[in-house]
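Please look over the sequence and the structure below. A short briefing follows, grouped by topic.

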Amino acid sequence: MPIHPNSHGSVKERIGTIEKADRFPPRTTRQNLAASRSLRTLLAPLEELSAHSDRLFAAHLGWQDQKGVSGMIPRFLFTGPGDRGSFLRVGLFAGVHGDEPSGVEAAVELLHRLHADPGPALGYELFVYPVCNPWGFAHDARWLKSGTDMNREFWRGSDEMEVLVLEGQLMKLAFDGIVALHADDTSSGLYGFAKGHQLTRHVLEPSLEAASRFLPRNFDKSIDNFQANAGIIEDGYSGILGAPPTQKPRPFEIVFETPHRTENSLQVEAHVAAILTMLESFRSMIAEAQNI
Ligand SMILES: [Zn+2]
């Protein structure tokens, strides 16, 4: 199945195509995102900002498969201040499960805040994929259109276009850090999965602490059937969105989970606080390592 990123019409045309599948009419305010489920409504303010920004760029990933079915995964690039020669590259992925809007809104909110104040992105090149499963987002569904859970399909020879396109990104960009935002309706508190680089838990720990200003942390000994330690799980499902198995050295890889049944705006704030803290912790960890 051929993939032709960025080769099918303008950004506006591609977003328009996706929007035809939406069940709800477009809304005009960012406050109504969870209800509106419109990609155009969600992304229009960022598109507008990126058209006039020297830090924020829209570079969406479009494709058409052999049967002529087209699709698009939105992607934004944010370049923080700092020395261009030594950027840390982080991938932020939200909306893998289309019925978990808080991560989607947090990814969008983060870009708005960084555009207003780029300081927290010092030394970073951020690739943000706010809606990895556009069909699921439009239909308030966990699954891809095929009925598959996208987050069990990575690096297993999947033929799902969304998975292939994101695997291509993960291979090509070889991120130093990968963050996936999720919400769990069986958890009463915040927690995260730490994978990849052995120092990952030291990136996750302060981010849980920062996010707990908004929502409680889950201190259960077992979360989602995994052994947990103060909200940190060092295990996980196979097939989740993550670095290519062959990538060396391993990046830090975090799946950050908010409790889905709590107030959405608090989940958004918790996600944003967590990401900003991860960026800060990882940057200082790298700086320390370079000074040794
Ligand atoms: Zn999820």
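The chain has eight helices and 12 strands; helices (H or I, at least four residues) and strands (E, at least two) are DSSP runs, numbered from the N terminus. This is a predicted model, in which local features need pLDDT of at least 70 and side-chain atom pairs count only at pLDDT 80 or more, while totals for chains, interfaces and linings use all residues. Residues are numbered from 1 along each chain as its sequence is written.

**The chain overall**

- Of the 292 residues in the chain, 44% are buried. A residue is buried if 20 or more other C-beta atoms lie within 10 Å of its own, exposed if 12 or fewer, and partly exposed in between, with C-beta atoms placed from the backbone.
- Among the contacts in the chain with a separation of 6 or more, 75% are between residues 24 or more positions apart. Two residues are in contact if their C-beta atoms, placed from the backbone, lie within 7 Å.

**The nonpolar core**

- The largest nonpolar core has 77 residues. Such a core is a set of buried Ala, Val, Leu, Ile, Met, Phe, Trp, Tyr and Cys residues joined through C-beta atoms within 7 Å.
- Helix α8 (residues 264–291) gives the most to this core, namely nine residues.
- The residues with the most contacts inside the core are Leu 92, Ala 94, Ala 107, Leu 111, Val 179 and Ile 254.
- Leaving aside residues up to four places away in sequence, Leu 111 touches Leu 46, Leu 56, Phe 76, Phe 78 and Val 128.

- In strand β12 (residues 252–259), eight of eight residues are buried.
- One side of β12 holds Phe 252, Ile 254, Phe 256 and Thr 258, and the other holds Glu 253, Val 255, Glu 257 and Pro 259; both faces are covered.
- Strand β7 (residues 177–184) pairs with β12 in the parallel sense over eight bridges. Two strands pair if DSSP finds at least two bridges between them.
- Ala 180 has Val 255 in β12 as its bridge partner.
- Strand β8 (residues 191–196) runs antiparallel to β12, and six bridges join the two. Lys 195 stands opposite Glu 253 in β12.

**Helix α6**

- The buried residues in α6 are Met 161, Glu 162, Val 163, Val 165, Leu 166 and Leu 170. Their cover includes β2 (61–64) and β3 (70–73).
- An α-helix has 3.6 residues a turn, so residues three or four places apart point the same way.
- Ala 174 follows α6 and has a positive phi, near 40 degrees.

**Backbone details in loops**

- Lys 248 and Pro 249 are joined by a cis peptide bond, with omega about -5 degrees. Pro 249 lies in the loop between β11 (232–233) and β12.
- Asp 140 is not a glycine, yet its phi is positive, about 50 degrees. Asp 140 sits in the loop between α5 (134–138) and α6, and is partly exposed, with 15 other C-beta atoms within 10 Å.
- Asp 224 is not a glycine either, and has a positive phi of about 55 degrees. The place of Asp 224 is the loop between β9 (222–223) and β10 (226–227); Asp 224 is partly exposed, with 17 other C-beta atoms within 10 Å.
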